[in-house]
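Thanks for coming. I will take one structure today and go from a single local detail out to the contacts between chains.

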Amino acid sequence: MKRLNQTFLIFLMAMMPIFAMAQIDGEFVKPRSGKFLLQNATVHTITNGVLENASVLIEGGKILQVGTSISADGAEVIDCNGMVIYPGMIDGGTTLGMVEVGSVAETVDYAEIGNITPNMQALTTVNPNAEAIPVTRVSGVTTVMSVPQGGLFPGTAALINLVGYTPDQMYAGAKAVVMNFPNSGRRGRWDRRSDDEIKKETEKALKDANELWQKAKTFHELSEKGAELEYYPEMEQLAKVISGELPLMIEVNAAKDIQNAIKWIEDKDVKVFFSGVSEGWRVAEEIAEAGISVITGPIQALPTRQSDRYDTPYANAGKMAKAGVKVAIRTNDSENVRNLPFHAAYAAAYGLGKEEAWKAVTINAAEILGVSDQLGSIEEGKMANLIVATEDPFETRAQIMHVFINGYRIPLSNRHIRLYQEFLERSPDLKAN
Amino acid sequence: MNKLNYFLTALLGLSMQFAFAQTPKGSVLIKNATVLTVTNGTLENTDVLVEDGVIKRIAQDISAPNGVETIDATGKYVMPGIIDAHSHVALDVVNEATNPIVAEVRMKDVVNPYEIGIYRALAGGVTISHAMHGSANVIGGQNATLKHRWGSTDPADIIMQDAPRTIKFALGENPTRVHGRGNGIQPRSRMGVEAILRNGFSEALQYKKAWETYESSKDERGSTAVAPKYNERLQTLVDILDGKIIIHCHSYRADEIYMLINVARDFGITKLVFQHTNEGFKVAPEIAEYTMGASVFADWWAYKFEVYYSTAFNAAILQKNGALTSINSDSAELIRHLYHEAGKTQRYGGLTDDEALAMITINPAKQLGIDDKVGSLEEGKHADIAIFEGHPLSTYAVPQMTFVDGVKYFDIKEDPDDQRQRISATETVEPIYLGHEDHRCMQDTEHLFETANALFNTEK
């Protein structure tokens, strides 16, 4: 009886491909982990120079070895002759995974109602299956900061790797409470407030922020002393900044606002970095002196003022770096985070230089976010986030040949590529009409 | 005496107008460059001689005629001035959103030569832009083709007067939202959009026939024929049917593109270019066969539902299917680096350098009907020229100089901090814009929607 069952099972299994063929054609390629040897490439480690004819061994999600004579024993060998290997790029500010279609409100989850909502978690809203994620990672961007938008304290941003089925699998170990520093600039052409109105609103917003901060401090002190406090999730989250558990990520752009933000943070003993900083070049020395790092971008952007030179947004990162500011680069995009390398290239061409531009999308971002022990360079023991390309991935003509995230070999496919495969040579073509 | 004064003043005015009607033209010799002609390959160590606004010679070892300035371009790349087939730069208003058909409206009437965006486009090597009406109407207004003669204060001077007429059409979400959802009139659906088109062209044919009947009978003995009432809107549609105007149609989805191709074929219209055309790749063979091609974004997608099923390989698929394809900006920001946008066709589809460069030069020139004058470096064409440090398709390329009609309007070495031509006396604090607000296809229609701000940030 048992044997009969087994025979039947074997028969069933043998039939399965036929059954499967009947309904589903083709195979789906998934990310897969294993032991991989990326052989004979030019390895740009970022932190330890450039290694010619070098190889990288990956296993268990980690970089095991980097060097010239590594045993291929038990590893799947990937020939990278004539190619370059870089660490996966990190975008320090995006809304990737938090929105599916920009103009369809039902799919926009990056902004919550309310001005003070620091307890809103980006990690909750990131959709691991967002169509834009596979579109992004084949460009070599492997890790992004997903950032809530909106009010004064819109939420808590999270760093995610672009592989995984759950937010926890994607989480890359960094969070930051976001603050949109009161903005004295205009929000756009349609912003018709008078100069006076803008000034008053900015002052009131700053006053509100100060009062709130005082409250959060009190909340933190009381809870430190063991007081029984009412449920107050907003304060609990801000208290994590005051205690030093989480950094504060201050979005600030206009020159005067940057100066005010530097002053505002001076007497607060917290971990802090700035984001945006589009007019950073105007006050670069002051940012450097305050020792505050920045995640700046987009680089391909319009100047903030009509009177500015056309290239100020391109040159901004370079000018800040020259003044001594640690600079990382972001796209501030959702569906086109894949353009991060091109933003970096523009910063490079307009004063930052290639080497610093690469740091700005790798190790600097990792350091600012506090994950440089895991990410941002090709070093033994770090997480295996790597890209292999035919040439400098900042160039549009470069082809990205392999992407590894958290040790997973990423299939180089996504909707854009599948549509290309389907429609390049249509069947039926025109003549079938 | 008074009469004579009036007469003299009028004469002075007329003669001044005549004098100003001549736009500036320059002469220059560019030496030892890598010349990317686009239509005749790449020429190393080559000189380009420009005389009186026209490319006179392209050859090696040309010596400068008397009084002609020489520019040493050793190690640099020279290419035709970049042409943007979709822009709203230098326009004071964009949408006349009051009717599904507003063919009588002309963008020539709202050209603003003071807009700093013109200079910023020049700084990205762009010499010509197609200043378009917005996408609020099925049949929108007539566009203007601009030459970026920065510094002119007369709108007429930056309009390319010898370019053919073009008109904006729009399909899909934008017209159905403005008219159907916003105003409760047809079109509310893509069915309605087709109806608007067919009804409009049929009415135009009746109008044309009425005039023809009148013209043929008015001189007959004892004729009582009365001239039909002149209608600029219908006359413009007649001009489209007569092939005097090129249609440039805002479109995203394959089905709506296919619909317009069918309408055009039924009415005998062949001068048709699709704009945006995100799903053009799905009907690339039809676009190639029946139209003047598509002008597309390099990689924009997912900002609205119509463009969710897009691919960055769109331009490559269109090109490889034989459709005339250009890359445009529709953005005051993107227009500054169209050479980089063209480069993306190499990442997404592996196009050659010449194919990629054609997408921002000769191809848009063909779609605007000006390829006999501009769009490539050829003897006899207008001297619209951009000089680059680094190959323009490299992401590290930096534009150095830009010429229109042989006159240099941008030079990175002479670029001052403040390039504005006019400063507002009423604004005490200069506006600092910190949001993305460069997409203007739906500008001037925001009052129709509650989500005006969201719209501004997402609509193209």
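Which residue takes a positive phi just after helix 6 of chain B? That is B:Gly243, with a phi of about 75°. Keep in mind that this is a predicted model.

Let me stay with helix 6 of chain B, residues 232-241. Its buried residues are B:Leu234, B:Thr236, B:Leu237, B:Val238 and B:Ile240. And what covers them? Among the elements doing so are helix 5 (190-217), strand 8, strand 10 (165-170) and strand 11, each from chain B.

In chain B, six strands form an open sheet in the order 8-10-11-12-13-14, and the pairing is mixed. Strand 8 (139-142) and strand 14 (325-327) of chain B are the edges, each pairing on one side only. Leaving direction aside, neighbouring strands of the sheet are turned by 25° against each other on average.

Look at the end of the sheet with strand 14. There, strand 13 of chain B, residues 294-296, pairs with strand 14 of chain B in the parallel sense, over three bridges. For B:Val296, the bridge partner in strand 14 of chain B is B:Ile327.

Further along the strand order, helix 7 of chain B (residues 254-266) lies across strand 11 (245-251) and strand 12 (272-276) of chain B. Helix 7 of chain B runs at about 155° to strand 11 of chain B.

Now chain B as a whole. Its secondary structure comes to 13 helices and 17 strands. Of its 460 residues, 56% count as buried. If you take the contacts in chain B with a separation of 6 or more, 69% of them are between residues 24 or more positions apart.

On to chain A. The domain assignment gives domain 1, made of 27-88 and 376-433, and domain 2, which is 89-374. Their centres, taken over C-alpha atoms, are 29 Å apart. In the contact, domain 1 of chain A takes part with 26 residues and domain 2 of chain A with 28. On the domain 1 side, strand 14 (386-389), strand 15 (400-405) and helix 13 of chain A each supply at least two residues. Strand 15 of chain A gives the most to that side, namely three residues. By class, the domain 1 side has 14 nonpolar, 10 polar and two charged residues.

How do the two chains meet? In numbers, 43 residues of chain A are in contact with 55 residues of chain B. Helix 10 (340-352) and helix 13 (415-423) of chain A each supply at least two residues of the chain A side. That side has 18 nonpolar, 14 polar and 11 charged residues.

Last, the cores. The largest nonpolar core has 258 residues, and A:Ala347 and B:Val78 have the most contacts inside it. Helix 10 of chain A gives the most to this core, with 10 residues. Why does the core lie between domain 1 and domain 2 of chain A? Because both domains give residues to it.

As for B:Val78, leaving out residues up to four places away in sequence, it touches B:Ile30, B:Ala33, B:Val35, B:Leu36, B:Val48, B:Ala73, B:Ile385 and B:Ile387. There is also a second, separate core of five residues, including B:Ala97, B:Ala136, B:Val178 and B:Cys441.

That is where I will stop.

Note on methods
Residues numbered from 1 in each chain as written. Chains lettered and ligands numbered in written order. Predicted model: local features only at pLDDT ≥ 70, side-chain atom pairs only at ≥ 80, totals over all residues. Pairing = 2+ DSSP bridges. Helix = DSSP H or I, 4+ residues; strand = E, 2+ residues; numbered from the N terminus. Axes fitted to C-alpha atoms, helices over the stretch in contact; angles between N-to-C directions. Contact = placed C-beta atoms within 7 Å. Nonpolar A, V, L, I, M, F, W, Y, C, P; charged D, E, K, R; others polar. Buried ≥ 20, exposed ≤ 12 C-beta atoms within 10 Å, placed from the backbone. Domains from an automatic or database assignment. Core = buried A, V, L, I, M, F, W, Y, C linked by C-beta atoms within 7 Å.
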